[in-house]
Amino acid sequence: MRDAYQVAAVRAAEQALMGLVPDGTLMGRAAAGLASVCAALLRAAPGHVYGARVVVLAGRGDNGGDALYAGALLARRGAAVTAIAAGSTVHPGGTAALREAGGRVSSPADVGYADAVPAAHPIAGADLIVDGLLGIGGRGGLREPFASLAAEAETARQAGATVVAVDLPSGIDADTGAVEGSAVRADVTVTFGAIKPGLLIDPGAGHAGTVELVDIGLGPYLETEPAASAPQRDDVRELLPRPGAESDKYRRGVLGLLAGSDRFTGAALLSAGGAVHGGAGMVRVVTTPEAAVLVRQKWPETVVTVHPDEGDWDLLGSVGRVQAWVAGPGMGTGPDAVARLTAILRTDLPVLVDADGLTILSQHQALLPRRAPTLITPHAGELARLLGTDPASVEARRLEHARRAAAQLGVTVLLKGSTTVIASPDVGPVLVNPTGTPWLATAGSGDVLSGLAGALLAQGLAPAQAGLAGAYLHGLAGRLAAAGPRDGTAQAPIGASDLVRALPAAFRSL
């Protein structure tokens, strides 16, 4: 796992370590790591460190000091380094080190900063820009002159410069990833001692670029549990169930899937495909007559039960034994759909609720909480309805809303979107999926995920584990499908059916 710690935990670890080492040790370690990453980027493009044009944007705090000391190390290697001292004061030791190494230190006024920056301004001609404006304690959007400097850095980045953020991009909330106003957008973020949650969770993650962690010795002093964790390949591999010699279709897990309608037949097909390729020993699909015909044709290995359009019906007695349920994709929201979802939620089996099932829950919240394991998989709009807020607020503060929903509803919440966030009702770190791709933003993608995660739930994984492994494989399948079998760089648009076909390759890659 890539564990991320809140600012308070990082600050406490820094204080504990600084009491044991000479003054300036941690800043020296941070600056050396930052300079090393910057030098590697410069060697890649434009091809060398000597003669490269580097601009350091230095605020008044320790991040500005880290950036200035790193600038001094680059200047000693022959880079032409100019620092713009944007704060009311700047780190005196870093300033002196940079000047001694041959670098220049100026204020925004010294370089002719006004409403627009002329082409001769050092930012406009930079090969590499180091963002040391604000540290991890910054909150809210950037104020002037920081906001204008960030805008000019973005203009230079669009023109080919590389932007490196020190610890985190300025303007990002380190604890949540919220962006309230203007913020620096970096190609690479060099963070020190521990990753911060805002580097893993959008919108902050979208500003961070590639995150490089520099070890400055904080590990033994991070005494609290992480606030967020992102799985790596080995973590997901260890979660995945594997059949043994004694396995049969029942021991491998039987999933009940309530999905689809005569209007939305595709939802049944796609969620069934995700479930079939998710490793369950058997998938029992409960759907309408027209959808049932198509499911039998596409997925003959499933066991299909047709439910009546209306009237009393013993769903649980008719379907047979299952170990977990998925309810919701394309099933409708009418009274009979409500009755079927209610019957499933009243069992003591694990249940995943998605799509139309979430709409029903927003209208009948007395159905939750339940004692048995429960996973819901909303997008921002669906979660907003459940919480009585607006989708834009959910998107802006994904971590906060996922945690709130988990606590309020008493379920595990998998919030889909640009970064998938999984929050459990009990205390613990949120889980963040790192494999997401914009190619997943296509109709039916969520249906595939619900079937896949449901199959993992039926095989005995806890809701957070099933959601995490499902989201990881789902994202991986999206990347594989978009890239195609031969070329890992060229990509093409995909549909949800392509995700289903790519799931075996995603499993094999682990």
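This is a predicted model: local features need pLDDT of at least 70, side-chain atom pairs count only at pLDDT 80 or more; totals for chains, interfaces and linings use all residues.
1. Sheet order. Seven strands form an open sheet, and their order is β4-β3-β2-β5-β6-β7-β8, with parallel pairing. The edges are taken by β4 (104-106) and β8 (210-214); each has a single partner strand, so one side of each has no neighbour in the sheet. From one strand to the next, the twist averages 20 degrees.

2. The β3/β4 pair. Strand β3 (residues 80-85) runs parallel to β4, and three bridges join the two. Within this pair, Thr82 stands opposite Arg104 in β4. Across β3 and β4 lies helix α4 (residues 92-100), which runs at about 135 degrees to β4.

3. Helix α16. This helix covers residues 445-458, and its 14 residues should span 20 Å at 1.5 Å a residue. The C-alpha atoms at its ends are 20 Å apart, which agrees with that expectation. Of the 14 residues of α16, 13 are buried, so the helix is largely enclosed by the rest of the structure. Buried here means a relative accessible area under 20%. After α16 comes Gly460, which has a positive phi, near 110 degrees.

4. Cis peptide bonds. Most peptide bonds are trans. Pro145 belongs to the loop between β5 (128-132) and α5 (146-158). Another cis bond joins Leu368 and Pro369, where omega is about -5 degrees. Pro369 sits in the loop between α12 (356-363) and β15 (374-376).

5. Positive phi at Asp167. Negative phi is what most residues other than glycine have. Asp167 is not a glycine, yet its phi is positive, near 75 degrees. Its place is in the loop between β6 (162-166) and β7 (188-192). Is Asp167 buried or exposed? The relative accessible area of Asp167 is 5%, so it counts as buried under the 20% cut-off.

6. Positive phi at Ala355. Ala355 is likewise a residue other than glycine with a positive phi, in this case near 50 degrees. The loop that holds Ala355 runs between β14 (351-353) and α12. With a relative accessible area of 16%, Ala355 is buried.

7. Places to inspect. Positive phi values are found at Asp167, at Ala355 and at Gly460.

Notes: Residues are numbered from 1 along each chain as its sequence is written. Side-chain values use heavy atoms; hydrogens and water are left out. Helices (H or I, at least four residues) and strands (E, at least two) are DSSP runs, numbered from the N terminus. The expected span of a helix is 1.5 Å times one less than its number of residues. Buried means under 20% relative accessible area, exposed over 50%, partly exposed in between (1.4 Å probe, protein chains only). Two strands pair if DSSP finds at least two bridges between them. Axes are lines fitted to C-alpha atoms, for helices over the stretch in contact, and angles run from 0 to 180 degrees between N-to-C directions. Contact means heavy atoms within 4.5 Å.
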